[in-house]
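Please read the following points alongside the coordinates.

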Amino acid sequence: MVSIEVKLQIDNERGWMQVKRRIVDIMANIDNQNLDNLLLTEDEERELTEQISMERIKNRAMNHIQEEETIVLKNRKVKKYKASIVIAAAMIMILSTTAFASQYMDSLKQFFGPSASIAEDERSPIQGKDTVSGVSMIVEEGVYVGNSGYLVVSFTKEDGKPFPVGASIPGLELKAEHDVSYMVAQQLVDDNKKLVGVFEMDAMNDLEGLKARITADRITAADATQAVDGPWDVQFTISAGKERELNLNQAIHEGEEALSLSTIHVSSIGVAIEGKRTDGKLDKLPEYTPEVKVTAVDGSVTRLHASSTSTTESGFQWLYNLDSKNNLVFLGDLDIKSISIDGNVTELK
């Protein structure tokens, strides 16, 4: 059995940087350690991997920040607030030698980090696949709340070899039968053996039943010296997973803005609130965003900040899924009791 003990003594900023460097070094070399004597039963292996979800975050285990995002906006009114996607992993035991390890590789957790907790019944598997030039593109799944959500796509080589450092897809696109605004971010994970793309969407209409396709042109290295030519193309129909939807009857008057809120959606990826303007300015998105708090059954309170305000068929939608530092917040681990909007409480339980 491999035993690793790290004693963290953080006295100042320099000490903290040394600790981070030490953790990264250990994680980078964990595969080189002797795992031959790691003898576990299948039940023990399954229990361990279910608990850690097999996040194989190694060389960038601490403080890796997704710095670049490709932003694609359709002809719709959408206000996006910048989110910093922070991936931070502590000591993760990687059972890469187990026969079933790949079953528990979670691309969303690989991409966003261990905090990306999403209830299983909210996931909508797609598993559309296209293989070209020895590379498979798999549209894995979607997770949604209201008219917003994430679509996850991954690229792997059939021979299992890694992609070159800094590999990316310059033409990774989402096309749909109705207006969908989106941003797409890409990241190499699993020792560069998987290239993951995550589409963050805001749609005009309900996503259920929406026909869509994801296309990619080619995969290029950071220095453009290596490339794999496509194109890849997967078509699919969105089937939204489980979420909680409640009716609202709340009016907001803030400055010159008058708003009426009608629906609230709650899922692991945030809280979506639908409404419309009642001040006659139907062609404008509201500038105001109310204070939203999530209260759990245990009494803990989480304040959420808006990441977008977007146009819908009937008015507008606010999406709340950021903390005070603009980091993404996932609610899958919370047993939510109620949601408050500017102090007006809606009970979920």
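1. Nine bridges join strand β11 (residues 211-220) to strand β12 (residues 227-237), and the two run antiparallel; strands here are DSSP runs of E of at least two residues, numbered from the N terminus, and two strands pair if DSSP finds at least two bridges between them. Within this pairing, Arg213 has Gln235 in β12 as its bridge partner. The hairpin of β11 and β12 has six residues between the strands, and Ala224 there takes a positive phi near 65°.

2. This is a predicted model, in which local features need pLDDT of at least 70 and side-chain atom pairs count only at pLDDT 80 or more, whereas totals for chains, interfaces and linings use all residues. Residues are numbered from 1 along each chain as its sequence is written, and side-chain values use heavy atoms, with hydrogens and water left out.

3. Five bridges join β8 to β11, and Leu174 stands opposite Ile214 in β11.

4. Gly332 lies in the loop between β18 (316-322) and β19 (336-341). Its C-alpha is 4.4 Å from that of Ser268, although the two residues are 64 apart in sequence. Leaving aside neighbours within four places in sequence, Gly332 is in contact (heavy atoms within 4.5 Å) with Ser117 and Ser268. With 28% relative accessibility, Gly332 counts as partly exposed, a class between buried (under 20% relative accessible area) and exposed (over 50%), using a 1.4 Å probe and protein chains only.

5. A search of the whole structure finds 12 salt bridges, each defined as a side-chain nitrogen of Lys or Arg within 4 Å of a carboxyl oxygen of Asp or Glu. One of them joins Arg123 to Glu120, with the closest N and O atoms 3.3 Å apart; Arg123 is buried at 12%, whereas Glu120 is exposed at 61%.

6. Asp121 and Lys242 form another salt bridge, at 3.5 Å between the closest N and O atoms. This pair links distant parts of the chain, 121 residues apart, with Asp121 in the loop between α3 (107-112) and β5 (123-132) and Lys242 in the loop between β12 and β13 (244-254); α3 is a helix, that is, a DSSP run of H or I of at least four residues.
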